[in-house]
Amino acid sequence: MTAVSAPSESLESNELDIKSILLLDDDEDLADALKALLESRNFVVTTVGNGAAGLREVMSFDFDVIVCDMMMPHMPGDMFFLAVQKVKPEMAKRFVFITGETGNGKVTDFLNRIDAMVLYKPVAMDDLIRNISLVLSKAG
């Protein structure tokens with residue numbers, strides 16, 4: 001897993017540089033809260049509740065950042081990542097994972113293996129913005 005030491009400045013998108021985010025989380029309340037935060041920062045946010053729906057979105061659009069929960073129905077985060085890596089490998093570098101599974105060995109092993117950016121629930125909004133900033137700067 002990648003330790004996050006991000007720039008201290010806040011990330012603000014301007015009107016000429018609007019970025020798109022795919023947000024996958026089966027917790028509707030959390031997804032709605034994160035979407036509202038990100039949209040207040042001028043991101044265009046598409047939300048889905050599972051990896052299968054997320055894969056359909058990825059097939060139709062190249063998102064700038066993918067914020068992905070690890071534990072979801074129909075296709076968990078690790079399987080979603082592997083599917084994206086296979087069909088659109090350039091997008092595999094655009095992931096920020098979120099999880100509440102701190103003691104799950106399978107989740108931890110996967111995140112370590114791919115050297116993922118990960119945030120643990122409850123997600124601090126400032127940390128999410130910093131992680132998105134890092135993904136955008138790496139992709140930039």
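**View 1. Asn50 in the loop between β2 (44-48) and α2 (51-60).** In this predicted model, where helices (H or I, at least four residues) and strands (E, at least two) are DSSP runs numbered from the N terminus, Asn50 has a relative accessible area of 14% and is therefore buried; buried means under 20% relative accessible area, exposed over 50%, and partly exposed in between, with a 1.4 Å probe and protein chains only. Leaving aside residues up to four places away in sequence, Asn50 touches Leu24, Met72, Pro73, His74 and Met75, a contact being heavy atoms within 4.5 Å. From C-alpha to C-alpha, Asn50 and Asp27 are 9.8 Å apart in space, and 23 residues apart in sequence.

Residues are numbered from 1 along each chain as its sequence is written, and side-chain values use heavy atoms, with hydrogens and water left out. Because the model is predicted, local features need pLDDT of at least 70 and side-chain atom pairs count only at pLDDT 80 or more, whereas totals for chains, interfaces and linings use all residues.

**View 2. Thr99 in strand β4 (residues 95-99).** Thr99 counts as buried because its relative accessibility is 0%. Residues up to four places away in sequence not being counted, the contacts of Thr99 include Asp69 and Lys121, together with Met70, Val107, Val118, Leu119 and Tyr120.

**View 3. The salt bridge between the side chains of Lys121 and Asp69.** The N to O distance is 3.4 Å, a salt bridge being a side-chain nitrogen of Lys or Arg within 4 Å of a carboxyl oxygen of Asp or Glu. This pair links distant parts of the chain, 52 residues apart, with Lys121 in the loop between β5 (118-120) and α5 (125-139) and Asp69 in strand β3 (residues 65-69). Lys121 counts as partly exposed at 29% relative accessibility, whereas Asp69 is buried at 2%. Asp25, Asp69 and Lys121 are linked in a network of salt bridges.

View 4. Lys35 is partly exposed with a relative accessible area of 24%, and Glu39 is partly exposed at 37% relative accessibility.
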